[in-house]
Amino acid sequence: MTLEERFFALYKPEQNRLFRTAWAILGNEADAGDALQEATIRAYRAFHQLKGGEVAFPAWMRRILVNTCTQILRKRMKVIPVERPEDLHEHGSTEIDLPMEGDVWDAVRSLDERYRAVVVLRFLNDMQLEEIAAALDIPLGTVKSRLHSALKQLRNRLHAGGTERRGAV
Amino acid sequence: MQCEQIQRDLVAYQAGSLSPQERAAIEAHLSTCEACAEEAALMKETSELLTKGLKDWVDQGVCPPDIAERIELNLREASGRPWWQRWPALVGVVATVAAVFLVAVATNPDIAHKVASVPLLGAIAAQLASPELDFQVDPQKPVSAALFKPTRTVDLNVTAVQEDATLTVVRVSTDEKLLRVQYSVAGEGLVLGKDELSLIPRLTSPDGPVALQSYTADQKDDEIRFVAYFDAVPAGASLTLTVPSLELRDGGTRGPWQVAFTN
């Protein structure tokens, strides 16, 4: 089996999950496709550096993909204005328009990009807050405040926001 | 500590990102403050819901077939595996064809252009005669001789001279979608350089500029040969080609050139 075939045999079973991981981080399918394409090339070129054998491939590949996605996000966020203090609080008017029930992804994708990114990196990719700060090139305090704010918004959207709603989850 | 500050730190607390002292302070507060303890429980519940929900969503994912196909193709191209390893059966045929083409293509540009229009052989010839510069306006949809099937060709040999350097428009061909202009610049000491953007030709018709799709350039001694693909224009149109300046080996430049012709 050639190197290319070995790589593809390991990559292919992960492809669907990787695509959705990129989609979750970047917020749309087109960018996710581009990021996954770039990440596969990066991974293939570094394939000889993979340590831990085939069993380590999924986590290694996902790390490369997440790095690729956060690089894209960093560039993208440079053109998004710095958040204003009021952005750190719940967007009460927005929440009125949101469905009271719905699945988790629907709730997460409806967040502003800055909030969605930290939520996905934290809860889907299990990244530490310090890692998220470094990956997105933002202060640790900003990661904390965005997560805090995002969780408050999501709590209501997911019906986990109060004892009277908890039964509906 | 104030409740507001405690609640703001709950995310970091639950992520295990606090120092032992900060952690102890929060735990002490939570043991005495019912409101913050309730908030912490809700945060934890939301976090767990998010983790499970997002991971389930990812596990149920399907990569769209067009993206999967693009990735596979891209990977094969990037693998750099030589074509003779991918299609070993072609080795004999290709080796023979290559030997003949290599001589023909290297010595005669007309043969190179004609061969380049032939399916399969065109691709092989293009590989053998890989140009020194290859500029594509849209790299995702490269335009090359292999895709070009001319239905009309006009031999021109019109020239424009700047000092001792001569631009010659050799031939213009048209297919349904593209117009190909083959031209060369000859002059002592001319060098091609590496900057694709500085050599982009401009073509204008009576209706305005004609969009460039790609161009290639190759140097042979003191002659630089170009093949440019533009959007198709109707037969018989009056066209003007402008070719940017070229550098000289010993410094200085020649050009730009401008020449008018009818396709």
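Among contacts in chain B between residues at least 6 apart in sequence, 58% join residues at least 24 apart. Two residues are in contact if their C-beta atoms, placed from the backbone, lie within 7 Å. Chain B has eight helices and 13 strands. Helices (H or I, at least four residues) and strands (E, at least two) are DSSP runs, numbered from the N terminus. Of the 263 residues in chain B, 28% are buried. A residue is buried if 20 or more other C-beta atoms lie within 10 Å of its own, exposed if 12 or fewer, and partly exposed in between, with C-beta atoms placed from the backbone.

This is a predicted model, in which local features need pLDDT of at least 70 and side-chain atom pairs count only at pLDDT 80 or more, while totals for chains, interfaces and linings use all residues. Residues are numbered from 1 along each chain as its sequence is written, and chains are lettered from A and ligands numbered from 1 in the order in which they are written. Chain B has a mean pLDDT of 84 (the predictor's confidence in each residue, from 0 to 100). In chain B, 80% of the residues reach 70 or more. For the complex, the predictor gives an ipTM of 0.82 and a pTM of 0.54.

Now the interior. In soluble globular proteins, nonpolar side chains tend to be buried together. A nonpolar core here is a set of buried Ala, Val, Leu, Ile, Met, Phe, Trp, Tyr and Cys residues joined through C-beta atoms within 7 Å. The largest such core has 61 residues. Its members that touch the most others are A:Ala22, A:Ile25, A:Val119, A:Val120 and B:Leu54. Helix H7 of chain A, residues 113-124, gives the most to this core, with eight residues. A second, separate core holds 27 residues, including B:Val172, B:Tyr215, B:Phe226 and B:Ala228.

Follow H7(A) to chain B. The axes of H7(A) and helix H3 of chain B, residues 34-59, come within 9 Å and cross at roughly 85 degrees. Axes are lines fitted to C-alpha atoms, for helices over the stretch in contact, and angles run from 0 to 180 degrees between N-to-C directions. On the H7(A) side, the contact is made by A:Val119, A:Val120, A:Phe123 and A:Leu124. On the H3(B) side, B:Ser47, B:Leu50, B:Thr51, B:Leu54, B:Lys55 and B:Val58 take part. As for the angle classes, under 35 degrees counts as roughly parallel, over 145 as roughly antiparallel, 65 to 115 as roughly perpendicular and the rest as oblique.

Next, a helix pair within chain A. The axes of H2(A), residues 15-26, and H3(A), residues 29-45, come within 8 Å and cross at roughly 125 degrees. H2(A) is therefore oblique to H3(A). From H2(A), A:Leu18, A:Phe19, A:Ala22, A:Trp23 and A:Leu26 meet A:Glu29, A:Asp31, A:Ala32, A:Ala35 and A:Leu36 of H3(A). Setting aside residues up to four places away in sequence, A:Ala22 touches A:Ala32, A:Ala35, A:Leu36, A:Leu65 and A:Cys69.

A:His148 lies in helix H9 of chain A. A:His148 counts as partly exposed, with 18 C-beta neighbours inside 10 Å. Leaving aside neighbours within four places in sequence, A:His148 is in contact with B:Arg8 and B:Val11. Its C-alpha atom is separated by 9.4 Å from that of A:Tyr115, 33 residues apart along the chain.

Last, some backbone details. Most residues other than glycine have a negative phi, and most peptide bonds are trans. Phi of A:Asp137 is near 60 degrees, a positive value. A:Asp137 is found in the loop between helix H8 (129-136) and helix H9 (140-157) of chain A. A:Asp137 is exposed, with 12 other C-beta atoms within 10 Å. B:Asn157 has a positive phi too, of about 55 degrees. B:Asn157 sits in strand E2 of chain B, residues 152-162, and counts as exposed with 9 C-beta neighbours inside 10 Å. A cis peptide bond joins B:Gly255 and B:Pro256, with omega about 0 degrees. B:Pro256 is in the loop between strand E12 (253-254) and strand E13 (257-262) of chain B.
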